[in-house]
Amino acid sequence: MGNLEKLKKAFSESLEIEPETITDELSYSSGNWDSIAHLALIASIETEFDIMLASDDVIDMSSFQKAKEILGKYDIKF
Amino acid sequence: MTSNFSLEGKVAFITGSTRGMGWATARTLTRFGATVILNGINSQDLLEQRKEELKKEFNVECDGFLFDVGDMDAAQNCYNQIFKKHKKLDILVNNAGTLDDNLVGMIRKEDIRHTFSTNVNGVIYNLQFAARLMSRNKSGSIINISSLVGRVGNEGQVVYGGSKAAVIGITLSAARELASKNIRVNAIAPGFINTDFVKPLPPAIFQQRLNSVKMGRIGEPEEVANAVLFLASDLSSYITGQVLGVDGGMIM
């Protein structure tokens, strides 16, 4: 599974949405993405990519696009 | 659910674990099977010595991290290391604490900053990082070491008492927030315990404190460690948001 698919899987499972509905514009506070889901999303991303995100990155991860940018800092390319 | 105190297969991080109650807790949790990770602040030599002592007594290898719990970046680095090696954390004991006694009117800004940095900020930082690791497995136990002073107060301990009352507030809120992730958060409020904190007490004050203990003796660090063991183990699997006094019936 490629990195994009892995990230979509993490978003899909933690926010309980269909993978095909995930776009770069998907952002915090939209749909199911509330503060509770955010922490589940972070745990899911960390598990999927076997990393531990810095606290600032957890807070800054406010959209799907932003998630890709942040993961770039952890040598995860899209 | 297991029916004993076994911590086999569990990973435990104990802050401030090179001396006193933290060290007693490290020995106790190791004795019951946990893989313990130590933390100290001042001396790498003491940290190495403690690792050697655990190895000698229990035939285990353990890690240790020298950092100030009030330093968030250092804490993050520690949890990154824990994650890399163990991939999980089951138990956090927020034990590291500091004490700057001063009467009202004699309290310096630095006393407040230093005490709250360790006793309050440190607890929140570690709790936050630990909860993130624990939430992946939907399981964990966090034990925060407060103090009897945080519940009933004591003369000359406005700063310390404030910080330890904060630990109780942190515990109660975190317990509510993390319960749905099956992460339990409890506090222990030790009374008069035989640690480095009591060594500087003048004999008259020591006796006065002792007189306030209904059981008539000072508590030993191992007795606090036993309470930690209970809260860390599955025997307390339905207990969260509680403050357990370990004080021999002390009234201040």
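1. Contact here means heavy atoms within 4.5 Å. On that criterion, and bearing in mind that this is a predicted model, the contact between the two chains draws 13 residues from chain B and twelve residues from chain A.

2. The area buried between chain B and chain A comes to about 1000 Å², with carbon and sulfur atoms contributing 49% of it. On the chain B side, 53% of the area buried against chain A is supplied by Phe83(B), Arg132(B) and Arg136(B), which is more than any other three residues give.

3. A salt bridge joins Asp50(A) to Lys87(B), where the closest N and O atoms lie 2.8 Å apart.

4. In terms of secondary structure, α3 (72-86) and α4 (109-137) of chain B each provide at least two residues of the side that touches chain A, and α4(B) gives the most to that side, with six residues. Sorted by class, the side of chain B that touches chain A consists of five nonpolar, four polar and four charged residues.

5. Strand β1(B) pairs with β2 (residues 35-40) of chain B in the parallel sense, over three bridges, and the bridge partner of Val11(B) in β2(B) is Thr35(B).

Conventions: Residues numbered from 1 in each chain as written. Chains lettered and ligands numbered in written order. Predicted model: local features only at pLDDT ≥ 70, side-chain atom pairs only at ≥ 80, totals over all residues. Heavy atoms only, no water. Buried area = accessible area lost by both parts, 1.4 Å probe. Salt bridge = Lys/Arg side-chain N within 4 Å of Asp/Glu carboxyl O. Helix = DSSP H or I, 4+ residues; strand = E, 2+ residues; numbered from the N terminus. Nonpolar A, V, L, I, M, F, W, Y, C, P; charged D, E, K, R; others polar. Pairing = 2+ DSSP bridges.
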